[in-house]
Amino acid sequence: MSMDLTFLGTGSAYPSPHRGASALVLRTEGDCWLFDCGEGTQTQLMKSQLKASRITKVFITHLHGDHLFGLPGLLCTVSLNITPSPTQPPSCVDIYGPQGLRHFLRVALSLSGSQLLFPYAVHELEPTADQCPPESQLDAMLESSISESLHPQERPGRTIPLDVEGDCYTLLEDERFVVRAFRLFHRLPSFGYSVQERERPGRLNTQLLQDLGVKPGPVYGRLKNGESVTLENGQVVTPLEVLEEAIPGRKVCILGDCSALVGEGPLRVCRGADILVHEATLGDGHRERAVEHGHSTPSMAAAVARACRARKLVLYHFSQRYKPLSMRTEGEEDDDVLELKRQAEEALEGTSVEVTVADDFLTIPIPIKRPH
Ligand SMILES: [Zn+2]
Ligand SMILES: [Zn+2]
């Protein structure tokens, strides 16, 4: 199964002509999952190889505008481009994000008189008080004063509390993936997401099956599914004998804005990530200012990658002062994105973690893993 990650926006605070606001897409077999949706994400999507209509799930890391303001517009445009089918009702778009997201969308869509040709549901993560400074806590009064009636296309969503034991949130588990969220510290409650592909059974050793006298047919499927089979001559063939080693699942972790991790959950959930996407808003020389604004520097991102033993660290969410690689001119030392890469690499010395700095429209393939 093919899997890749495409950055649609890698800038912080606002979209600019050279860096869009935060948005990235994880694509698996044509299904697109969107992580964050800053203003202008829909035009970035149009410029990319991806199709907005393939987005089936949306994950919002936190409610700052540079991660969220593009969402109502994107949903409306997707709806405009839908051709309703008389036989198949449109499927529901699942949207995950922090508490408050449901109201934001409801109000934005309702006040603008926006109707969608598909249903959507917002599943909210309940933050804890230690995820942001006290003055940024969502005001309970404000929340309760907002309408409780659903938008016409809104389906009731889940409210997902922190699983205290695992120190994480389990968003979905199906036959292919387990998706979890974990807590981060920022000026507003922020979350990271982990997409863990399930381990898949290894290939059948067809030569061995032939030698054993097992003919191709449904019996192959049963063995692959872990069932033992009895041949006509009474001989029992077990999956262990004929299956090659299982193929480990891939793990992609995408962290929202943060200056620190909260609790044990983040490192536990991100352990061994194939790709860890972490913000690096400012260079190490501006660490104090970065932290004051709830952000990280390359060496802070590197420390997370090192601690969870990630294979690849991808930096994004750069201050707009850092021009993309393609616009780089020699001598602009302070604003050089390669300097950010160097800082992360220096902090990762002695490890095999590979560092990438993301630019808009960078696609990173995530190849199938080899058995252990
Ligand atoms: Zn941001
Ligand atoms: Zn933010």
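Reader: In strand β16, which residues point one way and which the other way, and are they buried or exposed?

Author: In a regular strand the side chains alternate between the two faces of the sheet. In this predicted model, I275, V277 and E279 point one way from β16, while L276 and H278 point the other way, and all of them are buried. Five of the five residues of β16 (residues 275–279) are thus buried, so the strand is largely enclosed by the rest of the structure.

Reader: Which strands pair with β16, and in which sense, parallel or antiparallel?

Author: Strand β14 (residues 251–255) pairs with β16 in the parallel sense over three bridges, and V252 stands opposite I275 of β16. The pairing of β16 with β17 is also parallel and runs over four bridges, with Y316 in β17 as the bridge partner of E279.

Reader: Turning to helices, which residues of α3 are buried, and why do they line one face of the helix?

Author: An α-helix has 3.6 residues a turn, so residues three or four places apart point the same way. In helix α3 (residues 71–80), the buried residues are L71, L74, L75 and V78. Seen down the axis of α3, these buried residues fall within an arc of 100°, so they line one face of the helix. They pack against several elements, namely α1 (41–47), β4 (55–59), α2 (65–68), α4 (101–111) and β6 (120–125).

Reader: Which phi does A13 have, and where in the chain is A13 placed?

Author: Most residues other than glycine have a negative phi, and most peptide bonds are trans. A13 has a positive phi of about 75° although it is not a glycine, and its place is in the loop between β1 (3–9) and β2 (23–28). With 17 other C-beta atoms within 10 Å, A13 is partly exposed.

Reader: What is the phi of R309, and in which loop is R309 found?

Author: R309, which is not a glycine either, has a positive phi of about 55°, and this residue is found in the loop between α11 and β17.

Reader: How many helices and strands does the protein chain have, and into which domains is the chain divided?

Author: The protein chain has twelve helices and 19 strands. It is divided into domain 1 (3–82 + 90–199 + 247–365) and domain 2 (206–242), and the C-alpha centres of domain 1 and domain 2 lie 45 Å apart.

Reader: What radius of gyration does the protein chain have, and what would a compact globule have?

Author: With 372 residues, a compact globule would have a radius of gyration near 21 Å, and the 23 Å of the protein chain agrees with this. Along its principal axes the C-alpha trace spans about 75 × 55 × 40 Å. Of the 372 residues, 40% count as buried, and among the contacts with a separation of 6 or more, 68% are between residues 24 or more positions apart.

Conventions
Residues numbered from 1 in each chain as written. Chains lettered and ligands numbered in written order. Predicted model: local features only at pLDDT ≥ 70, side-chain atom pairs only at ≥ 80, totals over all residues. Domains from an automatic or database assignment. Buried ≥ 20, exposed ≤ 12 C-beta atoms within 10 Å, placed from the backbone. Helix = DSSP H or I, 4+ residues; strand = E, 2+ residues; numbered from the N terminus. Arc of directions from axis to C-beta. Contact = placed C-beta atoms within 7 Å. Pairing = 2+ DSSP bridges. Rg over C-alpha atoms; globule rule 2.2 N^0.38 Å.
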